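Subject: Structure handover

Hello,

Please find the structure below, followed by notes on what was found in it.

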Amino acid sequence: MVDKYNSFEGQIRRINGAWRSGSPAARLGMMLKAIKPFANLLDKVFSLSFSIVDNEKEIPACLLIVGPPRSGSTIIYQVLARAIPSVYISNIHSIFPRGASRYMLKNNLFSVNLGGFHNYYGHTASIRDVNEGNEFIDDIFRGTPTPGQIRQRFISFVRNMQAIEGRPLIFKNASAYWRLACLHEAVPEVVFLRVQRDPEQIVQSVVRAYHELGGFNPIPEALLNSDITDPVEFAVRQVMEIERVIDAQKKHIVSKSWVEFAYEDFCRDPWPVIEDLAVNRLGIDLVRLRRNAVPELQVSTRSKVSQDDARKIRSLLQHYSEIDAYRNGL
C-alpha cells in the first residue's frame, strides 16, 4: 500500500490535484519547485561573494514547531512568525538558501505586510511567507552524524538564517518528529513546541489530502511495510503512530525545552501563548510584539469527509486506542 502512495502515478496525481485546486499557495509551490535547480545554482555562485561565520559556540534562541500533518502547525507557524520579531525559513529560502536571509533583512521583508493565513497543505501563498524547509533539516541529519556534527551543522544553519540574540529563529518541520531527542542532545538550546489537535479533525484532513493529492506524508517507519489497503485506516494509523513517536521523544527532552498546547485553545486566545513564548523562551520584550499582525482566528470543526468515513475514523481511533492501552498495560 505504501508503494502505491509513493508511486510515480501518485506523484502525478499529487501535482494534478494541486494544480486543479486553483490555490495560489499550491501553484507557487509548484513554480518554486520548477525553478529551484537553476535558482539554487545562482544562489551558490552569488554566495561566494560573502562569508558566514559559523565557528561560534553560542546559539541564539530557536523554536521548532512539531506535530503530525494537518494539526494546524502551519497556521501557528505563520502567526508566531508575524507576531514575534524573528527570522524563519521562507519560500525565498527554498530557492536561495544561502542568500535569502541577508536579502530579506536588508529590505525588511521578514513578516512585513504578509496579510492572511491561508495555506494549501502546508504551502503558503506569499514568496515571503513561511516554508517547512525540509532540505535544511535533512542536511543537518544527513548520513549518520554524531551529536557534535549535528551541533556544528545546526550552528551553520542558524548563522545562515542570521538569527541573533533578540532576533530568534522560528521554524517548523513535520518530518523531524522522530529526530527530536537527537537534536535535543546535540543542541539543548532549541525549544520544542508541540501542537496538538482533536485527532478526528486531523485524520479527516489527512484523508481529504489523500483524496486530493494521492499520498501520505510523512510515513512513519512502523508503517513502511504496512499491508493496509484502506486509506482511512492508514490515515488513522499514520497520525497515531506519529503522536506515539513524539510522546517517546518527549521523554528524552528536559521540561524547560518543551512546550505544548492545543490548536483549538490557541485559536480561541493566542496571546497568552505568544507572550509566554516571546518572554520566557525567546527573550523578546512584550513591547516588541506585533499585536496588529494577528487577526481573530477561527477553529474549523466542519466535517472534511463523508459521514461514513467520519464514523469509520471515530471507530478506528477508539479501536486502536484500546489496543495501544492494552499493550501498555493501562
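Where does Ser86 lie? Ser86 is in the loop between helix H4 (73–83) and S2; helices (H or I, at least four residues) and strands (E, at least two) are DSSP runs, numbered from the N terminus.

Two remarks on how to read the rest. This is a predicted model, in which local features need pLDDT of at least 70 and side-chain atom pairs count only at pLDDT 80 or more, while totals for chains, interfaces and linings use all residues. Residues are numbered from 1 along each chain as its sequence is written, and side-chain values use heavy atoms, with hydrogens and water left out.

Overall make-up

The protein chain has 14 helices and seven strands. Of its 330 residues, 50% count as buried; buried means under 20% relative accessible area, exposed over 50%, and partly exposed in between (1.4 Å probe, protein chains only). Among contacts between residues at least 6 apart in sequence, 82% join residues at least 24 apart, where contact means heavy atoms within 4.5 Å.

Ser86

Ser86 is buried, with a relative accessible area of 5%. Its side chain reaches the backbone oxygen of Ile84 at 2.9 Å. This is a polar contact, that is, a pair of N or O atoms within 3.5 Å; within protein, one must be able to donate a hydrogen and the other to accept it, and residues adjacent in sequence count only if both atoms are side-chain atoms. Leaving aside neighbours within four places in sequence, Ser86 is in contact with Ala81, Phe110, Arg167, Pro168 and Ile170.

Nonpolar cores

A nonpolar core is a set of buried Ala, Val, Leu, Ile, Met, Phe, Trp, Tyr and Cys residues joined through side-chain atoms within 4.5 Å. The largest one holds 69 residues, of which Leu80, Ile84, Phe154 and Ile274 touch the most other members. Not counting residues up to four places away in sequence, Phe154 touches Ile59, Cys62, Ile140, Phe171, Leu183, Val187 and Val190. There is also a second, separate core of 21 residues, which includes Val206, Val207, Val232 and Leu316.

Helix H13

Which residues are buried in helix H13 (residues 271–281)? They are Trp271, Val273, Ile274, Leu277 and Ala278. These cover an arc of only 165° around the axis, which puts them on the same side of H13; the arc is that of the directions from the helix axis to the C-beta atoms. The buried residues of H13 pack against strand S1 (62–66), H4, strand S6 (190–196), strand S7 (258–262) and helix H12 (263–268). Just after H13, Gly283 takes a positive phi of about 70°.

Rings and charges

A search of the whole structure finds 10 aromatic pairs. Rings of Phe, Tyr and Trp (its six-membered ring) pair if their centres lie within 6.5 Å; planes under 30 degrees apart count as stacked, over 60 as edge-to-face and the rest as tilted.

One of the pairs is Tyr88 with Phe110, edge-to-face at 5.0 Å centre to centre and 80° between the planes. Tyr88 lies in strand S2 (residues 87–88) and Phe110 in the loop between helix H6 (100–106) and strand S3 (119–120), so the pair ties together parts that are 22 residues apart in sequence. Both Tyr88 and Phe110 are buried.

Another edge-to-face pair joins Phe157 and Phe171, at 5.6 Å centre to centre and 75° between the planes. Phe157 belongs to helix H8 (residues 147–161) and Phe171 to strand S5 (residues 169–172), so this pair ties together parts 14 residues apart in sequence. Phe157 and Phe171 are buried. Ring pairs link Phe136, Phe154, Phe157 and Phe171 into a cluster.

The charged end of Arg237 sits over the ring of Tyr320, 4.3 Å from its centre. The cut-off here is NZ of Lys or CZ of Arg within 6 Å of the ring centre and within 35 degrees of the ring normal. Arg291 lies over the face of Trp271, at 4.6 Å from the ring centre.

Backbone

Most residues other than glycine have a negative phi, and most peptide bonds are trans. A cis peptide bond joins Asn217 and Pro218, with omega about -5°. Pro218 lies in the loop between helix H10 (199–213) and helix H11 (231–250). Asn113, in the loop between H6 and S3, has a positive phi near 50° and counts as exposed at 71% relative accessibility. Gln162, in the loop between H8 and S5, has a positive phi near 65° and counts as partly exposed at 21% relative accessibility.

Regards
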